[in-house]
Amino acid sequence: MADHTQTNLITLSRHVLAEQRAHKNATGDLTLLLVSIQLGCKFVATCVRKAGIVNLTGLAGAENVQGEAQKKLDVLANEIFINSLRSSGKVAVMVSEEDEEIIVVGEQDRDGEHAHYAVVFDPLDGSSNIEAGVSIGTIFGIYKILPGSKGSTADVLRPGREMVAAGYCMYGSSTSLVMSAGGGKVHGYTLDTTIGEFILTHPNIRIPSRGKIYSINEGNSVYWDDACKEYFTALKTREVNGKPAPYSARYVGSMVADVHRTILYGGIFAYPADKKSKSGKLRVLYECYPMAFLVEQAGGRASTGHARMLDYVPTKIHERSPIFLGSAEDVADLEACYAKLANGK
Ligand code: P6P
């Protein structure tokens with residue numbers, strides 16, 4: 001919790017405003033949008049915290065577009081974010097993991113030409129872990145809509161490098177919001193529930209150039225391609241000065257938790273394409289892109305294995321992609337394995 005003897009708390013709202021002032025021609029629209037997203041995260045955090053008590057973890061009976069049983073918290077989180085984004089007046093179009101089609105915001109909910117953002121989000125990623133009390137999270141990415149657009153899929157079927165901001169909120173032992181609006185700056189905020197504010201706790205996060213941890217679901221190793229097999233075997237059998245020096249394995253199975261640890265400690269997180277998941281499992285728009293954006297802004301690297309993740313252009317809003325992200329040197333080593341495979345060596 002924030003030290004209340006401190007009389008100069010840097011809240012998320014204050015910090016985002018201060019960052020905005022550094023951009024002379026800033027309209028303040030992105031600031032207000034990020035503040036709306038912050039409200040959604042606070043609201044979802046309270047729902048997650050009380051889920052076990054008020055039996056929110058049970059199945060909602062419905063199924064989401066992925067054909068997965070939708071849990072009550074998923075439904076709640078989705079509605080909360082749609083409402084907080086719509087009420088900001090800054091959003092023209094949204095894509096949610098929980099909705100098959102894009103959500104075009106009605107004119108009555110737009111603040112004129114200030115409604116110039118497209119937001120893609122996974123309202124509650126990792127929700128299959130809810131009952132186990134494992135950290136879960138919200139992931140979001142923000143584009144400026146194309147000139148003259150009224151809000152359509154064209155505003156989001158674009159390279160992730162065109163995003164203007166991205167972030168995630170992890171509902172774990174504490175509630176941590178990590179986000180970036182570019183400029184090589186990634187900041188982390190922790191929710192102080194006693195005052196209901198996110199407090200700046202991790203300014204200017206930088207990911208180590210190389211780590212000592214790898215994070216992948218080894219249960220899928222029978223399905224891996226040769227590049228993955230070569231790379232991860234090398235991490236487990238590596239030696240330093242003739243002595244074994246393997247990387248440690250850490251895998252939560254909740255992307256927000258695994259990526260948060262990777263950003264803070266370094267190393268590599270991977271969800272590859274394999275014989276079972278031909279395009280990988282994670283979704284381009286609202287899982288791969290926001291995390292790749294954050295990792296790059298923090299000085300790391302994010303790849304499909306063959307190319308920069310943020311250069312990929314999706315053709316469908318729920319498209320999947322393989323993804324490898326983390327410390328720049330670790331991801332570069334992984335890409336070298338794919339390059340060898342591609343060159344038939
Ligand atoms: P697997 C959670 O269901 C999720 O979408 C991500 O949060 C996580 O990284 C991945 O799937 C885990 O998938 O196949 O390892 O259980």
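Predicted model: local features only at pLDDT ≥ 70, side-chain atom pairs only at ≥ 80, totals over all residues.
View 1. E15 and E17 run antiparallel and are joined by 4 bridges. Tyr214 has bridge partners in two strands: Ala249 in E14 and Ile268 in E15. Ala270 has Phe324 in E17 as its bridge partner.

**View 2**

**View 3. Side chains of strand E15.** Ile268 and Ala270 point one way from E15, while Phe269 and Tyr271 point the other way. In a regular strand, side chains alternate between the two faces of the sheet. On both sides of E15 these residues are buried.

View 4. Ser215 belongs to strand E11 (residues 213-215). Is Ser215 buried or exposed? The relative accessible area of Ser215 is 0%, under the 20% limit, so Ser215 is buried. The side chains of Ser215 and Asp258 are joined by a polar contact of 3.4 Å. Leaving aside residues up to four places away in sequence, Ser215 touches Arg250, Tyr251, Asp258, Arg261, Ile268, Phe269 and Ala270. Among these neighbours, Ile268, Phe269 and Ala270 are buried residues of E15.

**View 5. Aromatic residues.** The model has 5 aromatic pairs. In one of them, the ring centres of Phe81 and Phe121 are 6.1 Å apart and the ring planes meet at 45°, so the pair is tilted. This pair links distant parts of the chain, with Phe81 in helix H3 (residues 72-88) and Phe121 in strand E5 (residues 117-125), 40 residues apart. Both Phe81 and Phe121 are buried. Elsewhere, Tyr214, Trp224, Tyr231 and Phe232 form one aromatic cluster.

**View 6. Strand E7 and its two partners.** Strand E7 (residues 165-171) has 7 of its 7 residues buried, so E7 is largely enclosed by the rest of the structure. Ala165, Gly167, Cys169 and Tyr171 point one way from E7, and Ala166, Tyr168 and Met170 point the other way. Strand E6 (residues 136-144) runs antiparallel to E7 and is joined to E7 by 7 bridges. In this pairing, Gly137 has Met170 of E7 as its bridge partner. E7 also pairs in the antiparallel sense with strand E8 (residues 175-180), over 6 bridges. A hairpin of 3 residues joins E7 to E8, and Tyr171 has Thr175 in E8 as its bridge partner.

**View 7. The contact between the two domains.** The protein chain is divided into domain 1 (12-204) and domain 2 (213-342). Taken over C-alpha atoms, the domain centres are 24 Å apart. Domain 1 gives 49 residues to the contact and domain 2 gives 30 residues.

Definitions and conventions. Residues numbered from 1 in each chain as written. Heavy atoms only, no water. Buried < 20%, exposed > 50% of the residue type's maximum accessible area, 1.4 Å probe, protein only. Polar contact = N/O pair within 3.5 Å; in protein donor to acceptor, adjacent residues only side chain to side chain. Contact = heavy atoms within 4.5 Å. Phe/Tyr/Trp six-rings, centres within 6.5 Å; stacked < 30°, edge-to-face > 60°. Pairing = 2+ DSSP bridges. Domains from an automatic or database assignment.
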